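Visitor: Hi! I'm new to this one. Could you walk me through it?

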Amino acid sequence: MKLKILFASDIHGSAYYCRKLLDVYKERGAERLILLGDLLYHGPRNDLPREYEPKKVIELLNEQKEEICAVRGNCDAEVDQMVLNFPVMADYMLLLDAQVTFFATHGHLYHEGNLPPLKNKDVLIYGHTHVFGAQEKENYFLLNPGSVSLPKGGNPPTYGFYEEGEFTIWDFDGNRMAGLILR
């Protein structure tokens, strides 16, 4: 069986984009939805996203609780764990595939300027910047799926998809925005 993982970051309470994300997750046949933080609230520096309804986002995500693994973003708080039925308070997680090791985090603690302990050809994947990207560095890979609801830099809302050693970034219109073979 091919491992398929959908990565997303920065929903920021948008019921509209949360529904779109869950629809894409089902359509792509992914086994896991990895959420890289900032799930419910928009934060003081961001505008309100489309259909800002944190209670609806809670409901939508809780319906998929068996499918979701999540890390804490800088806009997430302990009170969020009281309403979400899956763990959301970890600063990072390690995901191991036969070919790839992902260090998944939000990006406010670990990022390109403050790397976690990575082995050769490991992947650091994070959100936080709201700007998608896929880069191969000297001895590691740096990935960012962008923001589901509040993209920056003139980009559309995006998410990341991993399958068989390839990471791709897509917008919700089905356009491939970037990609990288992780070897």
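Visitor: What should I know before we start?

Guide: This is a predicted model, where local features need pLDDT of at least 70, side-chain atom pairs count only at pLDDT 80 or more, and totals for chains, interfaces and linings use all residues. Residues are numbered from 1 along each chain as its sequence is written, and side-chain values use heavy atoms, leaving out hydrogens and water.

Visitor: Okay, what order do the strands of the open sheet have?

Guide: The six strands run β3-β2-β1-β9-β10-β11, with mixed pairing. Strands here are DSSP runs (E, at least two residues; helices are H or I, at least four), numbered from the N terminus, and two of them pair if DSSP finds at least two bridges between them.

Visitor: Which are the edge strands?

Guide: Those are β3 (68-70) and β11 (176-181), each pairing on one side only.

Visitor: Which strands does β9 pair with?

Guide: On one side, β1 (residues 4-8) joins β9 in the antiparallel sense over four bridges, with Ile 5 opposite Tyr 162. β10 (residues 166-171) also pairs with β9 in the antiparallel sense, over six bridges. There, Phe 161 faces Thr 168 and Tyr 159 stands opposite Trp 170.

Visitor: How many residues lie between β9 and β10 in their hairpin?

Guide: Two, and Glu 164 in that hairpin takes a positive phi near 50 degrees.

Visitor: Is β9 mostly covered or mostly open?

Guide: Mostly covered: five of the six residues in β9 (158-163) are buried. Buried means under 20% relative accessible area, exposed means over 50%, and partly exposed is in between (1.4 Å probe, protein chains only).

Visitor: Switching topic: which residues touch the most others in the largest nonpolar core?

Guide: Leu 6, Leu 21, Leu 35, Leu 39 and Leu 61, out of 30 residues in that core. β1, α1 (15-28), β2 (32-35), α2 (54-62), β3 and β9 each supply at least two residues. The largest share, eight residues, comes from α1. A nonpolar core is a set of buried Ala, Val, Leu, Ile, Met, Phe, Trp, Tyr and Cys residues joined through side-chain atoms within 4.5 Å.

Visitor: And is Met 82 buried or exposed?

Guide: Met 82 is exposed, because its relative accessible area is 70%. This residue is found in helix α3 (residues 78-83).
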